[in-house]
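Follow the aromatic rings through this chain.

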Amino acid sequence: MNQLLCLTLVVLSAAQGRIFHAQGELAGEVTQTTVILQSRLTASPGLQDGDVPGAAGWGKFEYADSADFSTPRETDWLEAQAGNDYIIRTQLRGLQPGRSYFYRLVFGRERSRTQTGPVRTFKTLPATDQPVRVRLVVGNCMNYAFFFDGPKGDGRNARAGAADRRLGYPAMESIRRLEPDFFVGAGDNVYYDHPAKTAAKTLPELRRKWHEQFVLPRVVDLVGQTATYWLKDDHDYRYNDADRTGSREPSHELGLRTFREQMPVVAATDSAEVTYRTVRCGQLLQVWMVEGRDYRSPNKSPDGPEKTLWGGDQKGWLQRT
């Protein structure tokens, strides 16, 4: 009996000590010389009771300009904590333009006992004086509830090809096969207000929407091999047609904070850095990514020259750039 008890305790201890990175890795905001890398440590290898619970621990990124990591470099150790939803994020600097890089996550409960994740990749933007071909894909409106349960919430979609559907959106695999230089998630990357009966309002509920979306295998595969940029719109900010006003939850402030926490658009969630930006992709292409929710006038404001989607500072930035 004592031996059985000891064995049970050992098994439970081993299970409790396991750690995963179920949502894979993302490479965001790539430029000619920089990129933001992100992962999230998890207590399960996938969905568990409709969410992906986080896990406290440590992680760092190894990166190299060859897939065999013959001359690897590494970042400092980063701590995954509850306050940041167990997300680890860092910015690499000093990269070379127009070059493919490879990276992988080294992680564990403790820095002395780690495991290494699969190799991911991204490509830096080409030099601004090079007239090169650039391949990009823009996508938006990934409505998880509609995809799995149908617009009426009757579960019809889930019953049609259930095994394949659990992999996530087929479009993600189609995009991955195109091998674009980068992907732009142009807003409504999650839907806080769908299903309507269980609309997300609190921080844990908002986070859950990102967890369930970015654990889908086809999403993990795409963002693991393609540099990304992320914008928000109404559904991944507050709710349909939301502006900055009103007491309906989630609040304007919580919507902004959660997006900056979950997506690698700024190097640190508490950064004061604005999230409208522009990037030059070689000599012939420039891309602007604007914010249509952060600074907009109330929807009910009278129409006229003072009513704005962008706000004065962002409009001035657009005119200058």
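Five residues, Phe-183, Trp-210, Phe-214, Trp-230 and Phe-259, form one aromatic cluster. The model is predicted: local features need pLDDT of at least 70, side-chain atom pairs count only at pLDDT 80 or more, and totals for chains, interfaces and linings use all residues. Residues are numbered from 1 along each chain as its sequence is written, and side-chain values use heavy atoms, with hydrogens and water left out.

Rings of Phe, Tyr and Trp (its six-membered ring) pair if their centres lie within 6.5 Å; planes under 30 degrees apart count as stacked, over 60 as edge-to-face and the rest as tilted. The count by this rule is 13 aromatic pairs. Take Tyr-276 and Tyr-295: their ring centres are 5.9 Å apart and their planes stand at 75°, so this pair is edge-to-face. The two residues are 19 residues apart, and the pair links distant parts of the chain. Tyr-276 lies in the loop between α8 (252-262) and β13 (277-281), Tyr-295 in the loop between β14 (285-289) and α9 (311-320). Helices (H or I, at least four residues) and strands (E, at least two) are DSSP runs, numbered from the N terminus.

How does burial differ here? Buried means under 20% relative accessible area, exposed over 50%, and partly exposed in between (1.4 Å probe, protein chains only). Tyr-276 has 11%, so Tyr-276 is buried. Tyr-295 has 29%, so Tyr-295 is partly exposed.

Now the charges. One sits over a ring if NZ of Lys or CZ of Arg is within 6 Å of the ring centre and within 35 degrees of the ring normal. The charged end of Arg-165 sits over Phe-147, 4.4 Å from the ring centre. Arg-248 lies over the face of Tyr-239, at 3.9 Å from the ring centre.
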